[in-house]
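Here are a few notes to go with the structure you asked me to look over.

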Amino acid sequence: MVGSYTNGGGGGVRNGAAEGKLDELRRLLGKAEGDPLRIAGVGAGAWGSVFCALLQDAYGRDYRDKAQVRVWRRPGRAVDRATAEHLFEVINSREDVLRRLIRRCAYLKYVEARLGDRTLYADEILRDGFCLNMIDTPLCPLKVVTNLQEAVWDADIVVNGLPSTETREVFEEIGRYWKERINPPIIISLAKGIEASLDPMPRIITPTQMITNATGVPLENILYLGGPNIASEIYNKEYANARICGADKWRVPLSKFLRQPHFIVWDNSDLITHEVMGGLKNVYAIGAGMVAALTNESATSKSVYFSLCTSEMIYITHLLAKEPEKLSGPLLADTYVTLLKGRNAWYGHKLAKGELTLEMGDSIKGKGTIQGVSAVNAFYELLSQGSLSVTHPETKKHVAPVELCPILKTLHKILIKREAGTNSILQAIRDESMYDPRERIEMAQRQSLYRPSLLGLPIGDTKH
């Protein structure tokens, strides 16, 4: 059971409740005696690595005859000297980790790397429990595979830990390996981001939709897990909760299987909308980081920004959901934690401080992909379409929805068009002509804004 020993420690005590949950899922999947449940993580960013480490701690270590966990990541990513030096400091600050590496005869290579006498690689250190994007939080040792076909070909459960921008390409390759499969696997996607498709009509494409299109795995076998969480804190046993969203067939059994004393997993049937919301909050988190940096962490300025950005998010949810009130709690909670400590807010902060530049791209050393950047572009493109026009509350004219989202427009000018500096985010929230955020929310509630076609649903859809 996770929590039965310090992270990175030795063997734990077999736990009857955990074994019961594992046996129940094995039964539902039709696993025979002696045929282990095979769980494969695809992608090894912070959250993907932590998620697989949680499963390894809970099931893979003590029930090896019943469950096996492996993680795929690309080979060849070298660890630079500065990171190797920091990693050595982390190792020596944790007695449990130090003893574990000595027992595994793995300590010497970290000494050599610190001295510059050898090069470490990301897949190599992940085997020892170190995620390159989260060096300060040692994980349990993981089985790491650098051949994608080997990792996924016989997996019963695949965990998508890739950024949304890489999901389509990798799963198209995976789809080729699954052509001969009789029973499709279960896929749990952790990706938070979207793509925009404008032809033949504007609509959002989410990672789960990318996966089903790329692999042919039915959508009832693909689920999204999201929630207000920070990967390192979850592995360090901070209490957290999440939602697993998808079809009835698997979401309830999986919520029970994934639930742990410090990590409560609820289930919800609304897959696509929750997935889209996971991408939406990343958009506004970047702006929050900018505001914090530019105002010297002014609590007043940050609260003004929070009020304005949440009103825009609520407005957008009215376009995407028939009953948006049901999303307000999870969306605001996820937004709150992302604004506090997420990588997108960190990125906005660094941009505003001049410590990062847009020319460096959105894949940042030690952090991974900043998914909010591509999400800004996707939401802006979608909401700029005249076919989605809404009535402007003052002019009473028909306008594209993005015209009522000044923060989204400003972020697009800064991050995508690069026509404005980060200071323009302050101009946007201090605009004297801006109306009360309450008015935007009331307008969204008064007007019939719901556009099911944005989610690829029939115009008459009433299920969302």
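1. Before the charges, a word on counting: Lys and Arg are taken as positive and Asp and Glu as negative, while His and the chain ends are not counted. On that basis the protein chain carries 58 positive and 54 negative side chains. The centres of these two sets lie 2 Å apart. Please keep in mind that this is a predicted model.

2. Now the overall dimensions. The radius of gyration of the protein chain is 23 Å, which agrees with the value near 23 Å that a compact globule of 464 residues would have. Along the principal axes, the C-alpha atoms fill a box of roughly 70 × 50 × 35 Å.

3. On secondary structure, you will find 19 helices and 16 strands in the protein chain. If we take contacts between residues at least 6 apart in sequence, 72% of them join residues at least 24 apart.

4. How much of the chain is buried? Buried residues account for 57% of the 464 residues. As for the surface, the protein chain exposes about 19500 Å², and 48% of that comes from carbon and sulfur atoms.

5. Is Ser-197 buried or exposed? Its relative accessible area is 15%, and the cut-off for buried is under 20%, so Ser-197 counts as buried.

6. Which residues does Ser-197 touch, once its neighbours within four places in sequence are left aside? The contacts of Ser-197 are then Pro-202, Arg-203, Ile-205 and Leu-382.

Definitions and conventions:
Residues are numbered from 1 along each chain as its sequence is written. This is a predicted model: local features need pLDDT of at least 70, side-chain atom pairs count only at pLDDT 80 or more; totals for chains, interfaces and linings use all residues. Side-chain values use heavy atoms; hydrogens and water are left out. Helices (H or I, at least four residues) and strands (E, at least two) are DSSP runs, numbered from the N terminus. The radius of gyration is taken over C-alpha atoms; the globule rule is 2.2 Å times the number of residues to the power 0.38. Buried means under 20% relative accessible area, exposed over 50%, partly exposed in between (1.4 Å probe, protein chains only). Contact means heavy atoms within 4.5 Å. Accessible areas come from the Shrake-Rupley method with a 1.4 Å probe; for residues, only the protein chains shown count as cover. The place of a charge is taken as NZ of Lys, CZ of Arg, CG of Asp or CD of Glu.
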